[in-house]
Amino acid sequence: MKPIQAELDALVDPNHDTTPDVIDSVALARLYGEPLFDIPQDLYIPPDALEVFLEAFEGPLDLLLYLIRKQNFNVLDIPMAEVTMQYMSYVEQIRAKNLELAGEYLLMAAMLIEIKSRMLLPVKKSDTGEEVEDPRAELVRRLLAYEQMKLAARKLDEMPQLGRDFERANAQANISVEQMLPEVNPDDLRQAWLDIIKRAKLNQRHHISREQLSVRDHMSHILRRLADVRFMEFSELFMERINEGAPPAVIVVHFIAMLELSRELLVEITQAEPYAPIYVRLTYTSNTTV
């Protein structure tokens, strides 16, 4: 319904000043630029504008539940005659104005009339001897299920909602960040250096270089030494290299050269008895002497 105040405000020209010309009275509106202090008696108001629906229902079950709860009826023992009469009264009102909306309610009205008529019939037991189910049982189940869903929806609607009950905070912080350089003292620098040395020792590698040693050279050297003597003691053959400070590798090669000469029958290695001194001499010299 449009209130009378709204109808009068619609007649006001928005291009003119709405300040009342009379100071001791308050104008309700301006009609064609003139202040209006009283409601006109000949103002036409359409009949439909005065119709007000105090209750709005979401469907037939919502209307039935409203009628039952408002009059404190027991939902398990619904007085079908009284509830049906009240329900039909509401349906008649909306059918006169909105036939399409009333169609859904008429379907429920037919169900209520059916239940009412079944309750008027005498109660008969079934073939098995059990009592027949109450005609209102199915309606009660639907009403209770609908009421539970409606209460759950109401609880969800009561929860705070973004945009309705609160707004999301949105703030921008204008913070300037200044880079702070760390302070370094001599102890930290010394510890860092020790860590580097320790890491270097863990990763260090021992490089072995290959030394070029010739067995043939040592064989020639042994032949030259034995050429001037009749025989030479085994240890004396290595004393020259040892006195020169030769590394063990050179001594080993010198020993291999002696064994190679013995294999080629160029030198002879002899020992008179066990634990006696070992002597080395040239083979071809001994053969000449014999």
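Which side chains meet in a salt bridge with 3.3 Å from N to O? They are those of R225 and E240, where a salt bridge means a side-chain nitrogen of Lys or Arg within 4 Å of a carboxyl oxygen of Asp or Glu. R225 lies in helix α7 (residues 215–227) and E240 in helix α8 (residues 236–243), so this pair ties together parts that are 15 residues apart in sequence. Helices here are DSSP runs of H or I with at least four residues, numbered from the N terminus. E240 is partly exposed, with a relative accessible area of 30%; buried means under 20%, exposed over 50%, and partly exposed in between, using a 1.4 Å probe and protein chains only.

Before going on, a word about the model. It is predicted: local features need pLDDT of at least 70 and side-chain atom pairs count only at pLDDT 80 or more, while totals for chains, interfaces and linings use all residues. Residues are numbered from 1 along each chain as its sequence is written, and side-chain values use heavy atoms, with hydrogens and water left out.

Let us stay with the charged pairs. Side chains of opposite charge can pair when their charged atoms come close. The structure holds 10 salt bridges. One of them joins E147 and R69, whose closest N and O atoms are 2.7 Å apart. This pair links distant parts of the chain, since E147 sits in helix α5 (residues 137–158) and R69 in helix α2 (residues 60–70), 78 residues apart. E147 counts as buried at 17% relative accessibility, whereas R69 is partly exposed at 37%. There is also a network of salt bridges linking D157, R164 and D165.

Now for the interior. In soluble globular proteins, nonpolar side chains tend to be buried together. A nonpolar core is a set of buried Ala, Val, Leu, Ile, Met, Phe, Trp, Tyr and Cys residues joined through side-chain atoms within 4.5 Å. The largest one here has 27 residues, and those touching the most other members are L64, Y87, Y105, M108, L139 and L143. Helices α2, α3, α4 (99–120) and α5 each supply at least two residues of this core, and α4 gives the most, with seven.

To see how L64 is surrounded, leave aside its neighbours within four places in sequence: L64 is then in contact (heavy atoms within 4.5 Å) with V83, Y87, M108, L112, L139 and L143.

Look next at T84, which is placed in helix α3 (residues 80–97). T84 counts as buried, at 5% relative accessibility. Beyond its neighbours within four places in sequence, T84 is in contact with L112 and I113.

V252, F255, I256, L259, I269 and I278 make a nonpolar surface patch of about 450 Å². Such patches are made of residues with over 30% relative accessible area and no salt bridge, with nonpolar side chains (Val, Leu, Ile, Met, Phe, Trp, Tyr) joined within 5 Å and like charges within 9 Å. Accessible areas come from the Shrake-Rupley method with a 1.4 Å probe; for residues, only the protein chains shown count as cover. Helix α9 (residues 248–263) gives the most to the nonpolar patch, with four residues. V252 is in helix α9 and is partly exposed, with a relative accessible area of 47%.

E260 and R263 are three residues apart in helix α9, so about one helical turn separates them. R263 counts as exposed, at 58% relative accessibility.
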